[in-house]
Amino acid sequence: MIKKIIFSILISVLTFSGIAQKYTISGYIKDANNGEELLYANIYIKNIEKGTTTNEYGFYSLTLPKGDYTILYSNIGYISKIINISLNKDTTKTIELQEDATEVDEVIINAERNDANVTNTEVSTIKLNIKDSKIVPVLFGEQDILKTMQLMPGVSASSEGSSGFFVRGGDSDQNLILLDEAPVYNASHLLGFFSVFNSDALKDLKIYKGGIPAQYGGRISSVTDIRMKNGNMKEYEVSGGIGLISSRLAIEGPIKKDNSSFIISGRRTYLDFIARAKSDKFEDLTLYFYDLNAKANINIGKKDRLYVSGYIGRDAFGTDFMGFDWGNKTATFRWNHIFSNSIFSNTSLIYSDFDYGFDVDFNAFEVELNSGIYDYNFKQDFNWYINTSNTLSFGFQSIYHKYKPMQFLIKYETDSTYNDFNENNSETTNIDEQKALENAIYISNKQKIGDRFSLEYGLRFSNLYNIGPYTVKTYGEYAEVIDSTVYSENEFYSPYFGLEPRINSTFLLNKTSSIKASYNRTYQYLHLLSNSTSGSPTDMWMPSTPNIKPEYGDQIALGYFRNFKNNNYEFSIEGFYKDLKNQVDFKDGADAFGNPDVEAELVFGKGRAYGLEFLLKKTTGKFTGWIAYTLLKSERKFDDISENWFSARQDRTHDISIVASYKLNKKITFSATWVYYTGDAVTFPTGKYEIDGNIINLYSERNGDRMPNYHRLDLGVTFILKEKKRFRRDLNISIYNAYNRKNAYSITFQENEITGESEAERMSLFGIVPSITWNFRF
């Protein structure tokens with residue numbers, strides 16, 4: 001089989017090189033209203049029943065024999081366009097598509113080639129429409145693309161109302177989240193109840209649950225690739241919204257019409273203002289988050305385009321005696337260059353920064369804590385559109401990581417008895433700063449073999465070097481230091497290497513159905529050390545070291561895809577199996593917080609996850625929505641914890657999401673979501689005993705118990721108050737948890753003062769939460 005593939009590529013290249021007279025048609029597909037490039041739009045040659053899609057920048061290229069062709073350009077949500085062309089020379093053709101009209105009672109999308117879910121080589125992939133996700137009812141009415149993503153099969157929320165997520169039984173730190181190619185290390189605001197992504201600034205989201213292309217690496221569970229808008233190239237536009245606890249505003253427009261544009265989008269909550277206005281008791285309260293997105297781009301001639309984008313966001317929570325803040329910063333500079341009509345290049349310089357700080361001031365002493373991580377990243381990608389049967393992608397990447405591990409400082413007052421502990425009036429605990437260089441090089445090819453079979457196969461080679469100065473410690477059986485090795489400034493040490501094969505395949509059974517399969521191996525060279533159940537900004541990132549080996553995972557997937565009624569209905573069923581190695585966890589009773597020898601508190605093991613995913617989706621008409629169901633088993637095995645496999649916390653046997661939207665008329669749209677999933681695996685005390693007057697709890701096996709099952713109904717309605725070509729006002733009313741289900745957020749055990757027996761106390765975060773948001777655009 002491999003020989004046949006190589007032979008086919010060679011024949012394709014030779015044919016391209018001159019055996020037959022061929023020419024290339026290339027260009028961009030754009031939104032006619034604002035000039036935004038349309039990512040992953042379809043180009044289909046009717047004469048030969050072949051085609052391609054635009055890349056991450058809206059660029060396409062097709063090399064064809066000399067002749068006359070009928071070409072169909074299409075994208076979901078847009079009116080398709082057909083052109084006839086006589087191809088007798090290399091031709092540049094940029095196409096603008098109009099959004100499909102929404103004034104009619106029923107939205108009808110020309111879906112002649114909107115069957116990409118059946119025909120393309122992508123497996124285990126979700127692409128979300130940012131506009132459609134805005135009507136899904138969510139907590140506090142705040143539009144949140146990550147929470148919409150959690151309603152798809154294989155993706156589940158990490159906890160009640162949280163924007164954190166698990167994918168196919170993996171841990172949350174095994175998800176790579178990119179914003180304009182920049183890694184986002186903590187994607188949550190307000191302790192997880194909001195994500196850092198303001199939907200007004202976003203254009204596209206795609207998540208790879210499996211079948212991950214070779215251009216991506218660094219995480220073993222999933223990749224979420226989020227792209228920001230470029231800004232309106234045609235005219236100035238202002239949009240935003242005012243809600244109960246937050247407001248947002250976006251401004252975009254051309255710097256020079258059809259040549260350059262910008263967008264600036266901001267958002268802030270005002271919970272602290274509301275609390276202070278309600279009571280003087282909250283006079284010293286600080287409680288808010290903000291974020292700011294900005295982007296600009298310019299065309300320099302016909303072959304070059306420059307982009308610069310950035311994000312900054314921060315949370316702050318504090319009172320008169322404590323303060324806690326954390327935030328992300330990213331910046332991306334990109335240069336697109338077209339070397340020829342068939343070779344596209346993107347060069348990226350990327351910066352990412354996440355940090356947090358914590359400060360508590362008591363009368364006798366003050367406690368400070370801070371940590372974080374930041375990256376400098378250089379990335380080079382090429383796309384070579386060899387012919388209609390082969391598209392070659394290749395490139396490399398180098399990331400300089402600098403970890404700012406936890407620093408723990410205690411300051412004592414001079415006149416305090418605590419001063420006896422330290423004559424310098426302070427104690428500092430530092431976990432040494434670490435640096436690392438992560439590199440990767442990759443190559444992959446999308447190939448069509450005949451009319452029914454297509455492949456995407458590639459190879460990624462990655463490695464990590466740790467960089468001094470650093471002291472590597474060797475630990476004994478009882479976590480004591482028995483040896484150490486000192487590395488000097490800028491000395492490279494402890495290299496790791498990983499070979500990551502990737503392959504996806506699609507076999508068309510007929511025009512409306514296909515079978516797809518995939519295999520991928522991925523390596524992960526950094527790890528999130530967390531001792532909490534819901535995730536926290538104070539969790540600490542660390543690189544692979546001589547004591548912490550890289551995690552790696554193998555995943556296989558097999559699926560059946562079928563469309564019905566002219567692609568108006570989509571159905572899929574996928575099965576998958578993940579094998580995870582070098583998994584990291586804390587040992588039972590670990591001393592983790594502020595411990596300079598935290599590596600001695602870790603245990604290492606393996607994991608596995610397997611399951612089935614079902615999706616039935618209706619894409620057009622008055623009534624749209626989907627039903628998603630995931631059947632999952634996720635387990636871990638650590639010999640230092642248990643000889644047996646035990647359930648991972650995110651082992652949710654059943655996970656169901658039902659999402660529905662009904663367009664009553666031109667002015668009113670109703671929406672609803674219902675969610676159900678099996679309760680998380682947890683460890684509860686099963687008994688207790690007394691030693692020297694102290695009560696000691698006796699616990700079950702690791703994750704041997706379950707939280708109660710979770711379910712919730714959300715309702716929403718959107719009223720279009722006024723709409724013209726350049727002006728729109730609408731009102732969104734939503735109810736989170738409409739039937740007031742008291743879902744358990746945590747369960748703790750307290751001793752009854754009268755009987756002495758342990759009693760479970762269940763805490764719920766939210767009952768019914770109504771919200772209202774006024775949105776505008778002009």
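Residues are numbered from 1 along each chain as its sequence is written, and side-chain values use heavy atoms, without hydrogens and water. Because the model is predicted, local features need pLDDT of at least 70 and side-chain atom pairs count only at pLDDT 80 or more, while totals for chains, interfaces and linings use all residues.

Trainee: What is the angle between the planes of Y487 and Y493?

Mentor: Rings of Phe, Tyr and Trp (its six-membered ring) pair if their centres lie within 6.5 Å; planes under 30 degrees apart count as stacked, over 60 as edge-to-face and the rest as tilted. The whole structure has 34 aromatic pairs. Y487 and Y493 are stacked, 4.1 Å centre to centre, and the angle between their planes is 10°.

Trainee: Which strands hold Y577 and Y610?

Mentor: Y577 and Y610 form a stacked pair, with 5.9 Å between centres and 15° between planes. Strands (E, at least two residues) and helices (H or I, at least four) are DSSP runs, numbered from the N terminus. The two residues are 33 apart in the chain, Y577 lying in β37 (residues 569-586) and Y610 in β38 (residues 602-618).

Trainee: Is D204, the salt-bridge partner of K127, buried or exposed?

Mentor: A salt bridge is a side-chain nitrogen of Lys or Arg within 4 Å of a carboxyl oxygen of Asp or Glu; for D204 and K127 the closest N and O atoms are 3.3 Å apart. D204 is in strand β16 (residues 202-208) and K127 in strand β9, so the bridge ties together parts 77 residues apart in sequence. Buried means under 20% relative accessible area, exposed over 50%, partly exposed in between (1.4 Å probe, protein chains only). K127, at 39%, is partly exposed, whereas D204, at 3%, is buried.

Trainee: Which strands stand at the edges of the open sheet of 5 strands?

Mentor: Two strands pair if DSSP finds at least two bridges between them. The sheet has mixed pairing and the order β9-β16-β17-β12-β13. Each edge strand has a single partner, so one side is left without a neighbour in the sheet; the edge strands are β9 (125-128) and β13 (182-183).

Trainee: Where does D651, the partner of K633, lie in the chain?

Mentor: The side chains of K633 and D651 meet at 3.4 Å, N to O. K633 is partly exposed at 26%, and D651 is buried at 0%. K633 belongs to β39 (residues 623-637), and 18 residues away D651 lies in the loop between β40 (646-647) and β41 (654-663).
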